[in-house]
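The entries follow the order in which I looked things up.

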Amino acid sequence: MNSFHTRIALLVQTSSEWSRQVLEGVGEYASSIGGWEFHIEPRGFYEKLSLPLNWEGDGVICRLTDPELIEELHSRNIPAVNVSWKELKSSHIPNVISDEVACGEMAAGYFMQNGWTNFGFVGPPPDLKYSNLTEKTYLQSLAVHGYSAHRFEHTPGYDKLSLEEQRSGMEKWLRSLPKPVALFVWTTTMGQEIMLFCRRLGLSVPNDVAILAVELDPLVSSLSPVPIAYIDQSPHRVGIEAAKLLQKMIRGEPAPAKSILIPPCGIVTRRSVDTLFFEDEQVRNAMDYIRQNIAVPVRVEEVATAASLSRRSLENRFQKTLGKSPAQIIRQSKLSHAMHLLVETELTIQEVADRTGFFHVETFARFFKRETGSPPSLYRVKSFNDGSKI
């Protein structure tokens with residue numbers, strides 16, 4: 001082994017998109033400076049994280065998941081940086097984490113700005129020992145404006161992120177909520193399960209129950225009845241900044257006394273929150289038709305027929321309720337879906353065109369550039385390079 005190599009252990013789960021983006025950020029920084037080599041193993045959420053007994057290295061980036069890991073890192077006197085929201089803390093292991101307070105404020109602000117007046121929160125089971133700062137800030141932000149939130153109470157002793165074993169209690173809670181209600185939930189997996197519970201209860205997502213997740217998992221979102229909105233916590237940036245700090249500590253600089261907080265980029269809207277608060281049932285039916293037919297060409301006359309209206313009446317109602325014409329809403333819906341597919345999937349431009357109702361990729365490319373100012377291929381590249389989300 002060459003002496004100039006810096007040996008880094010990555011004690012971070014690899015089963016979630018959030019964690020993988022953190023690791024990609026670490027890798028990006030390592031590539032920029034050179035000389036780092038990694039110890040990493042495939043890890044699931046519930047697995048115990050520890051260093052191999054015979055591993056000798058220079059630093060660790062980790063999720064502090066239990067006291068034994070803290071003790072192990074202390075005893076080996078290895079510089080380490082934590083990237084997890086777990087409540088476990090160490091005076092010798094600094095945190096580089098997404099800003100929990102900003103995430104809670106952002107969720108509350110988004111819901112209130114978009115017209116919801118009933119709110120709920122589904123957090124992690126207490127036995128998982130996560131910080132409650134995001135929940136606390138979310139509730140406080142609502143309270144400042146005179147609102148409160150209904151909180152789902154997990155079964156005592158429960159320690160899984162899945163809700164299936166708490167289905168009876170969750171369905172009872174969902175039925176009891178005033179509607180429409182905006183739910184802020186801990187993970188995309190929880191959001192997906194809640195959608196299935198809602199479907200069994202005859203509740204519409206997002207019209208009855210809107211869902212916003214703290215954390216992204218695009219695979220689970222794609223398997224949901226509708227895609228799930230989430231907070232972009234900037235996990236890639238968390239990885240970069242954690243690696244930068246670890247490099248400083250390896251060089252002998254002291255660990256910072258306070259956590260380094262990475263602000264979230266914003267709310268990534270998806271159909272789980274894509275509702276409009278209007279009383280016109282025929283406009284709602286028209287909107288549902290547009291959403292359900294996003295992958296095929298849609299004419300205004302077809303939307304009018306689906307809503308049992310004449311074209312003129314449909315246009316008048318859309319203008320009065322939404323301030324836009326049906327044609328504008330159709331274009332907007334297709335554009336939003338196309339942007340989502342470009343950023344969060346590896347579909348080719350032709351496949352994105354097919355899934356947004358364009359027979360010819362050239363027509364799709366002209367439409368996309370006219371609406372955004374950039375061709376779809378360039379938009380995808382820019383999104384990956386700057387970490388932006390729609």
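I looked up Arg76 and found its side chain in a salt bridge with that of Glu72, at 3.4 Å from N to O. I take a salt bridge to be a side-chain nitrogen of Lys or Arg within 4 Å of a carboxyl oxygen of Asp or Glu. The model is predicted: local features need pLDDT of at least 70, side-chain atom pairs count only at pLDDT 80 or more, and totals for chains, interfaces and linings use all residues. I number residues from 1 along each chain as its sequence is written, and side-chain values use heavy atoms, with hydrogens and water left out.

Arg76 and Glu72 are 4 residues apart in helix α2 (residues 67–76), so about one helical turn separates them. Helices here are DSSP runs of H or I with at least four residues, strands are runs of E with at least two, and both are numbered from the N terminus. Glu72 is buried at a relative accessible area of 15%, whereas Arg76 is partly exposed at 25%. For these classes, buried means under 20% relative accessible area, exposed over 50% and partly exposed in between, with a 1.4 Å probe and protein chains only.

I noted 21 salt bridges in the structure. One of them joins Arg167 to Glu164, with the closest N and O atoms 3.9 Å apart. Arg167 is partly exposed, at 30% relative accessible area, and Glu164 is also partly exposed, at 39%.

Lys244 is partly exposed, with 32% relative accessibility. I also recorded a network in which salt bridges with shared partners join Arg299, Glu301, Glu302, Arg311 and Glu315.

I turned next to helix α1 (residues 17–33) and helix α8 (residues 235–250), which pack at about 45° with their axes 6 Å apart. The pair is therefore oblique; angles under 35 degrees count as roughly parallel, over 145 as roughly antiparallel, 65 to 115 as roughly perpendicular and the rest as oblique. Axes are lines fitted to C-alpha atoms, for helices over the stretch in contact, and angles run from 0 to 180 degrees between N-to-C directions.

Which residues of α1 and α8 meet? From α1 I listed Trp18, Gln21, Val22, Glu24, Gly25, Val26, Glu28, Tyr29 and Ile33, and from α8 Pro235, His236, Val238, Gly239, Ile240, Ala243, Lys244 and Gln247. Contact means heavy atoms within 4.5 Å. By class, these residues are 9 nonpolar, 5 polar and 3 charged.

Helix α9 (residues 281–292) packs on helix α11 (residues 311–322) at about 95°, with the axes 10 Å apart. The two are therefore roughly perpendicular. Gln282, Val283, Ala286, Met287 and Ile290 of α9 make the contact with Leu314, Arg317, Phe318, Thr321 and Leu322 of α11. I counted them by class as 7 nonpolar, 2 polar and 1 charged; Ala, Val, Leu, Ile, Met, Phe, Trp, Tyr, Cys and Pro count as nonpolar, Asp, Glu, Lys and Arg as charged, and the others, Gly among them, as polar.

I located Ser234 in the loop between β10 (229–232) and α8. Ser234 counts as buried, at 9% relative accessibility. Leaving aside neighbours within four places in sequence, Ser234 is in contact with Ile262, Pro263, Pro264 and Cys265.
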